Amino acid sequence: MCLVFLLAVMFLAQTKTMASWEAGNLRCEYLVNPIGIDSPNPRLTWIMIDDRREATQSAYEIVVGTDSSKVGSGVGDKWTTGKITSAAMLAEYNGLPLEPFTRYFWSVKVWDAWGNPSSASLPASFETGMMKKENWKGAWISDTRDVRLKPAPYFRKEFIAGKKVVSARAYIAAGGLFELYINGEKVGNHRLDPMYTRFDRRTLYLTHDITKLLKEGGNAIGVLLGNGWYNHQSTAVWYFDEAPWRARPGFCMDIRITYADGSQETISSGTEWKTSLSPVVFNSIYTGEHIDARLAQQGWNTPGFDDSKWANAIPVGAPAENIVTQALHPIRDVEEIPAFKMTKFSDSLYLFDLGRNIAGVSQLKVRGAAGTVIRLKHAERLGADGKADQSNIDVHYRPTDQLDPFGTDIYTLKGKGEEIFKPSFNYKGFQYVEVTSDQPVELTKESLTGYFMHSDVPAAGHIHSSDTILNKIWKATNNSYLSNLFGYPTDCPQREKNGWTGDAHIAIETGLYNFDGLTVYEKWLADHRDEQQPNGVLPAIIPTSGWGYTWANGPDWTSTIAIIPWNIYLFYGDTKLLSDCYDNIRRYVDHIEQISPSGITDWGLGDWVPVKSVTPKELTSSIYYYADASILAKTAGILGKTADSEKYNALALKIKNAINTKYLNRETGIYGSGFQTELSAPLHWGIVPEELRSKVAENLAKRVIADGKHIDVGLLGTKTVLNALSANGYADLAYEVALQKTFPSWGWWIVNGATTLYENWPIDSKSDISLNHIMFGEIGAWFYKSPGGIYPDEQQPGFKNIVLKPDFVKGLNSFEASHAGPYGTIVSSWKRTGKKIEYKVTVPPNSTASLVLKGDKILEGGKALSANESIKVVKQDNGLNELSLKAGSFLFSIR
């Protein structure tokens with residue numbers, strides 16, 4: 001027996017040794033082989049690819065160098081860490097100083113749980129950009145200083161590349177938006193670059209690899225500039241036309257060329273560049289784009305074009321001294337959507353229906369006589385006459401004339417065959433496009449195509465269940481989330497396009513479960529730091545022209561400064577954003593303490609757009625004040641700021657006690673009037689004393705049942721009501737509420753044809769009725785947390801340890817949730833067969849899971865839990881089973 005056992009152990013060890021494992025999914029600054037990195041200490045991340053149970057990284061080695069072949073062999077001339085005994089899969093570069101304009105290669109070797117090294121990974125790369133503002137050589141140029149001039153400007157320059165080009169990069173910063181062309185070809189597939197910032201405090205630049213576009217001999221560079229948010233010529237209630245940074249669009253560019261003989265040359269922007277007005281006779285990020293194709297100058301961006309009538313560019317000042325790289329996932333035309341239906345009213349009036357609501361643009365193919373004016377009016381709904389109705393989205397527009405119609409593109413034909421029109425510097429939210437012309441044109445359903453645009457963040461999660469309404473709610477939530485991600489999170493893509501803070505922090509978990517959005521949020525929190533006033537106050541919308549510092553910006557909204565960095569930490573295990581924002585969070589909390597010394601604050605907007613019951617604003621704002629102080633105290637502890645941690649823990653306790661003293665009836669277990677938000681918010685955010693949690697939760701359940709198992713909350717309550725029910729023993733009730741198909745509910749929208757989430761529960765509301773709003777989007781995260789049971793562990797963030805607490809809710813026969821975290825893909829999937837639940841779990845390599853299952857008899861792989869060495873039974877009590885899982889895939893049978 002002993003010999004047999006020894007042989008078995010030796011075979012198992014040999015199998016583990018011979019198995020294949022390696023580091024993969026290498027990222028720098030959370031991007032794949034990025035170029036234009038400015039950080040002197042970029043973050044490097046990877047995962048362990050290993051399908052063995054109990055797979056763990058015991059050590060790693062990083063090699064960085066400028067020679068890819070040597071790096072692939074484990075030799076680096078810039079940094080070699082040596083063997084680091086650590087399970088970490090995030091490291092900051094700490095080698096020799098990085099040089100600008102240099103491509104670096106890096107690879108990772110990992111050691112498994114049994115001390116065996118892998119081969120070095122295939123090399124990944126990153127390339128530095130300017131790194132310092134002193135490295136710019138180009139001048140900032142424009143065509144005029146007149147902010148009222150409407151046509152967009154062209155710029156061009158020709159040059160001779162006298163040798164064979166082996167590498168070329170274009171570094172371009174712009175106030176406004178740009179499209180870059182080399183020898184007539186558009187560079188890259190990005191849209192609306194650079195991203196919107198507080199331009200006078202931070203302007204972004206892009207790096208493009210243009211090696212393949214240049215040729216030996218004559219070359220031409222072309223730049224087309226658009227207004228974007230930099231020169232806002234349309235007028236609305238937020239006063240962007242009065243922004244302190246407003247100026248005529250301008251740009252600065254360096255093109256760095258490396259030739260085959262090793263020599264280098266830089267072609268820079270300057271006053272010798274030529275400029276002329278383009279056929280883009282008007283462009284507004286807010287309303288639309290107008291093009292007169294008769295004004296097109298064929299070949300303007302190619303060599304040999306006659307620019308003798310063009311003027312010289314003029315020098316202008318940079319928008320800001322702080323010019324930094326745009327290191328985030330760009331906006332793209334992510335999906336092409338053919339028209340679902342076309343209705344012809346006449347030969348000069350057509351209505352196109354995409355069949356779904358999107359953010360983006362429409363493209364029209366049309367033939368007609370020169371001078372024919374085509375108007376494309378975009379809308380989310382139709383009027384009684386079957387035509388486009390904008391009454392729900394144009395309410396905040398304040399036009400000064402009839403020349404800038406809302407949500408409308410205008411195209412004047414040049415009259416030469418088929419013409420294709422697609423705007424460059426605008427996007428809209430729409431499902432319908434009404435096309436009118438001042439002369440007859442013949443259109444077909446194929447004439448119009450929609451393009452779904454958004455920040456092209458990689459998918460990180462997936463949900464599928466046996467309930468079609470649930471699946472549609474999840475898809476609609478994601479459609480609204482993406483429709484409101486354009487380098488910063490917005491509220492709606494049609495009426496406002498504003499970076500409303502409240503909408504964003506409510507939807508942060510939905511965003512992070514479903515998408516790899518860290519780069520966008522890090523950019524947006526830098527916008528927060530730019531917008532924060534010295535006293536700590538933040539505006540309600542970010543970025544802003546100056547609007548929002550005195551209304552709607554209390555802690556229930558602008559807690560983004562704390563809540564978003566905290567969630568990035570939970571989902572990624574990365575402390576950088578918390579560290580970058582620490583002083584900002586502290587100043588924000590200190591300001592609230594200064595104006596609300598009692599611990600109770602009335603500063604805020606409240607439970608926005610409630611169904612019927614109104615929760616006191618003072619209660620919800622004070623709860624968010626508590627959340628901010630708690631996050632600040634935890635962050636201080638993480639960052640080693642012990643005194644601050646103690647100080648803000650005491651403040652958080654003071655706030656909690658003040659809330660409970662004023663609003664909690666300890667005898668009844670009811671906060672305030674006992675409305676759904678009043679009960680669920682204290683439960684969700686940890687205000688309720690532990691000894692009263694079950695009583696308050698019971699009252700919440702009773703209230704929800706009394707409300708017909710429907711929601712009666714506003715924006716803040718949608719964050720808390722489902723979570724508070726699920727976390728306190730009422731998951732079945734939460735599921736009933738979530739999947740209701742009658743008013744008011746998410747399902748009510750779906751059965752009435754919604755493909756996105758709405759701004760208001762009544763679909764016939766007379767106000768606040770955008771049909772593509774993310775603010776009620778927490779349900780998308782709840783699917784992962786309750787029926788999926790996937791939670792990050794605050795003690796081991798970034799899903800180093802996964803908390804799994806699936807709710808096998810009644811009424812649902814199967815459910816699967818997956819999430820690609822920093823260690824790999826987590827899967828939590830279950831199926832009901834009679835009284836048996838089959839539950840599948842995948843715990844990625846180098847991570848663990850704490851699993852809670854309810855059931856009297858549980859087997860894994862057909863065996864008792866005690867027979868599985870990858871499972872530790874932590875606690876079993878009255879059908880509640882707490883288990884600890886090592887990495888691997890598991891199949892549980894639960895009765």
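This is a predicted model: local features need pLDDT of at least 70, side-chain atom pairs count only at pLDDT 80 or more; totals for chains, interfaces and linings use all residues.

Trainee: Which residues of helix 8 and helix 9 meet?

Mentor: From helix 8, Ile-561, Ala-562, Pro-565, Trp-566, Ile-568 and Tyr-569. They meet Leu-577, Leu-578, Cys-581, Asn-584, Ile-585 and Tyr-588 in helix 9.

Trainee: And how does the contact of helix 8 with helix 9 divide into nonpolar, polar and charged?

Mentor: There are 11 nonpolar residues and one polar, with no charged ones.

Trainee: At what angle do the axes of helix 8 and helix 9 cross?

Mentor: Roughly 155°, and the axes come within 9 Å. Angles over 145 degrees count as roughly antiparallel, so helix 8 is roughly antiparallel to helix 9.

Trainee: Stay on helix 8. How many of its residues are buried?

Mentor: 13 of its 13, so helix 8 is mostly covered.

Trainee: What does helix 8 reach from its first C-alpha to its last?

Mentor: It reaches 17 Å with 13 residues. That is close to the 18 Å expected at 1.5 Å a residue.

Trainee: What follows helix 8?

Mentor: Gly-573 does, and its phi is positive, near 70°.

Trainee: Now helix 10. How do helix 8 and helix 10 cross?

Mentor: Helix 8 covers residues 560–572 and helix 10 covers residues 617–638. Their axes come within 9 Å and cross at roughly 45°. That makes helix 8 oblique to helix 10. The crossing is left-handed.

Trainee: Which residues make that contact of helix 8 with helix 10?

Mentor: On helix 8, Ala-562, Ile-563, Trp-566 and Tyr-569. On helix 10, Tyr-624, Asp-628, Ile-631, Lys-634, Thr-635 and Ile-638. By class, that is seven nonpolar, one polar and two charged residues.

Trainee: And helix 9 with helix 10, what's the angle?

Mentor: About 140°, with the axes 10 Å apart. Helix 9 is therefore oblique to helix 10. Handedness for helix 9 and helix 10 is left-handed.

Trainee: Which residues meet between helix 9 and helix 10?

Mentor: Helix 9 brings Leu-578, Tyr-582, Ile-585, Arg-586, Tyr-588, Val-589, Ile-592 and Glu-593. Helix 10 brings Tyr-625, Asp-628, Ala-629, Leu-632, Thr-635, Ala-636 and Ile-638. The classes are 11 nonpolar, one polar and three charged.

Trainee: Switching to helix 6. How many of its 14 residues are buried?

Mentor: 13 of them, and helix 6 is mostly covered. Its 14 residues, 518–531, should span 20 Å at 1.5 Å a residue. The end C-alpha atoms of helix 6 are 20 Å apart, which agrees.

Trainee: What about Tyr-663, buried or exposed?

Mentor: Tyr-663 is buried, with a relative accessible area of 14%. It lies in helix 11, residues 642–663.

Trainee: Which residues does Tyr-663 touch, again not counting those up to four places away in sequence?

Mentor: Pro-616, Glu-618, Leu-619, Ile-670, Tyr-671 and Gly-672.

Trainee: On to the backbone. Which peptide bond involving Asp-193 is cis?

Mentor: The one from Asp-193 to Pro-194, with omega near -10°. Pro-194 is in the loop between strand 13 and strand 14. A cis bond also joins Phe-743 and Pro-744, with omega about -10°. Pro-744 is in the loop between helix 15 and helix 16.

Trainee: Why flag these at all?

Mentor: Because most peptide bonds are trans, and most residues other than glycine have a negative phi.

Trainee: So what is phi at Tyr-30 and at Tyr-239?

Mentor: Phi of Tyr-30 is near 65°, and phi of Tyr-239 is near 60°. Tyr-30 is buried at 9% relative accessible area. Tyr-239 counts as partly exposed at 46%.

Notes. Residues are numbered from 1 along each chain as its sequence is written. Side-chain values use heavy atoms; hydrogens and water are left out. Axes are lines fitted to C-alpha atoms, for helices over the stretch in contact, and angles run from 0 to 180 degrees between N-to-C directions. Helices (H or I, at least four residues) and strands (E, at least two) are DSSP runs, numbered from the N terminus. Angles under 35 degrees count as roughly parallel, over 145 as roughly antiparallel, 65 to 115 as roughly perpendicular and the rest as oblique. A crossing is left-handed if the near helix is turned anticlockwise from the far one by less than a right angle, and right-handed if clockwise. Contact means heavy atoms within 4.5 Å. Ala, Val, Leu, Ile, Met, Phe, Trp, Tyr, Cys and Pro count as nonpolar, Asp, Glu, Lys and Arg as charged, and the others, Gly among them, as polar. The expected span of a helix is 1.5 Å times one less than its number of residues. Buried means under 20% relative accessible area, exposed over 50%, partly exposed in between (1.4 Å probe, protein chains only).
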